[in-house]
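Subject: Structure handover

Hello,

Here is the structure I promised to pass on. Please open it alongside this note.

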Amino acid sequence: MVSGVPAVVIAAPASGSGKTTVATGLIGALRRAGHRVGPFKVGPDFIDPGYHALAAGRPGRNLDPVLVPEELIGPLYRHGSRDADIAVIEGVMGLFDGRIDEHAVMPARGSSAHVAELLGAPVLLVVDARGQSQSIAAVLHGFSTLHSGAHVAGVILNRVGSPRHEQVLRQACDTVGVPVLGAIPRHDELSVPSRHLGLVTAVEHGYAAQSAVAAMTELVARHLDLAAVVALAGARVSAPAWSPQEAVGAPVEGAPVIAMAAGRAFSFGYAEHPELLRAAGADVVTFDPLRERLPDRTAALVLPGGFPEEHLAELSANTELRSQIRELAAKAPVQAECGGLAYLMQELDGHPMCAVLGGSARFTQRLTLGYREAVAVTDSALYQTGQRAIGHEFHRTAVEFTDSLESAWAFRAGDGRPVRDGVVRAGVHASYLHTHPAAQPRSITRFAAHAAGVAAPAVRASG
């Protein structure tokens, strides 16, 4: 049976065209008009979904057919859009841009066009109109005809210079039969601070992020034809919704408490992660390492990625938490990704950290970025030796270990060099690789089982 909440994919010819402003503003404008909006982002990005969540009032989610098998995209979409009546999916880079490999397939795997095709959702192309007028017809013609699976159903003109400019652009769009859904004038009041890995996260930006989302919402509501957008929305998804309960199987007994770091320093996580842990029987409790201690009865710890390098003084000043984590890591499972790995080191840029792992971390000017096909090379609380996963690296920090430790992963870097990444020590699994939990449900059940094993003796002792 073909079904699914109708959606639109907000894409563009290139990065920097204004996708995030339009997508976030559209989510907010539709919500303000009374719609329940499911927000999504194509690719592994953790930052844009935070702004989507503010606009939608519900978690922003990722759709990445590189990190998860493409047959999961439809089910994950249906899961994330439940109780919604429309979904807005922000694309990544240019419409056809995705993972670069030797096969040169079109559209590229993981691209906005790939996801649009998998979902049967129409594409709304955001075009930065600066520096062009009639030539926009050639742009639209090319993007509309290059691949039949990506249906460009309309165009949103962005950064339009004047009423005359808009008129000429609209006439050019008419010549190739692509409807204009709105024309947004040039604006500079919506700037959101950026840093070395992109925009400042919504949770860090606080009230200013809310103000920026409100401004985006107002801009889109004023200049887009929302009724036309809703009329164009559609989806063709035949698979049933993804279920975290079905993915993990029978839950563990005892409801072990798994603490998950959150807040301004550790905000890089996928919405499905706590859902899977809860389905596996865990009691997931979030906490802010900048100012809080570990939750009571913590039997396992998840340290996601984020920007610990931006909050060094506060992280270092929380000496009680650092001591708690050091003690916990000696007896309980700990999963740390990217920023979480740096936090477990003895120090980060000269500031004392948790000292679970011997060595130091430092901020560098070198960006490490890309998908990695990895194999686990050491048994851990998450993976068995030989288990394979596709992950994503996205960092400017580097670590140097003083201890002789077993590696977590082996893979090839973007230039083909063999790499050993991360460490496994007792129950600790720490690496730079971000993986999507929905693609690795076995790791979730394994982690929860280890946590239950830690919690059970504590329960018996207290009883």
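Which element gives the most to the lining of the second largest pocket? Helix H11 does, with five residues. Keep in mind throughout that this is a predicted model.

**The second largest pocket**

The volume of this pocket is about 860 Å³. Its lining counts 37 residues, and those closest to the centre are Ser267, Phe268, Gly269, Tyr270 and Ala271. Several elements give two or more residues to the lining. The helices are H2 (48-56), H7 (202-205) and H11 (272-279). The strands are E3 (61-63), E10 (257-261), E12 (298-303) and E13 (334-337). By class, the lining holds 20 nonpolar, 11 polar and six charged residues.

The structure has seven aromatic pairs.

Take Phe46 and Phe268 to begin with. Their ring centres lie 5.1 Å apart and their planes meet at 10°, so the pair counts as stacked. Phe46 sits in the loop between strand E2 (37-42) and H2, and Phe268 in the loop between E10 and H11; the pair therefore ties together parts that are 222 residues apart in sequence. Phe46 and Phe268 are buried.

Next, Phe268 and Phe307. This pair is edge-to-face, with 5.3 Å from centre to centre and 75° between the planes. Phe307 lies in the loop between E12 and helix H12 (312-317). The pair links distant parts of the chain, 39 residues apart. Phe307 is buried, as is Phe268.

**Cavities**

How many cavities of 30 Å³ or more does the structure hold? There are three.

The largest cavity contains about 60 Å³ of space. It is lined by 11 residues, and Gly306, Glu309, Cys338, His395 and Thr397 are the closest to its centre. Helix H14 (339-344) and strand E17 (388-401) are the elements that give two or more residues to this lining. E17 gives the most, with four. The lining divides into five nonpolar, four polar and two charged residues.

The second largest cavity has about 50 Å³ of space. Its lining is made up of His273, Gln335, Leu382, Tyr383, Thr435, His436, Pro437, Gln440, Ser443 and Ile444. Four of these residues are nonpolar and six are polar, with no charged residues.

Strand E1 (residues 7-11) and strand E5 (residues 123-128) pair in the parallel sense over three bridges. Ile10 stands opposite Leu124 in E5.

**The six-stranded sheet**

A further open sheet has six strands. The order is E11-E10-E12-E13-E21-E20, with mixed pairing.

Why is one side of strand E11 (283-287) and of strand E20 (423-425) left without a neighbour in the sheet? Both stand at the edges with a single partner strand each, so one side of each has no neighbour. Neighbouring strands here are turned by 15° on average, direction ignored.

E20 is joined to strand E21 (residues 428-431) by three bridges, and the two run antiparallel. Val423 stands opposite Ala430 in E21.

**How the parts meet**

E10, E12 and E13 each give two or more residues to the lining of the second largest pocket, and E10, E12 and E13 are strands of the six-stranded sheet.

Over to you.

Best wishes

Technical notes: Residues numbered from 1 in each chain as written. Predicted model: local features only at pLDDT ≥ 70, side-chain atom pairs only at ≥ 80, totals over all residues. Heavy atoms only, no water. 1 Å grid on protein atoms, 1.4 Å probe; cavity = no way out; pocket = protein on both sides within 12 Å on 5 of 7 lines; lining within 4 Å. Points joined across faces, edges and corners; volume = space filled by probe spheres on them. Nonpolar A, V, L, I, M, F, W, Y, C, P; charged D, E, K, R; others polar. Phe/Tyr/Trp six-rings, centres within 6.5 Å; stacked < 30°, edge-to-face > 60°. Buried < 20%, exposed > 50% of the residue type's maximum accessible area, 1.4 Å probe, protein only. Pairing = 2+ DSSP bridges. Axes fitted to C-alpha atoms, helices over the stretch in contact; angles between N-to-C directions.
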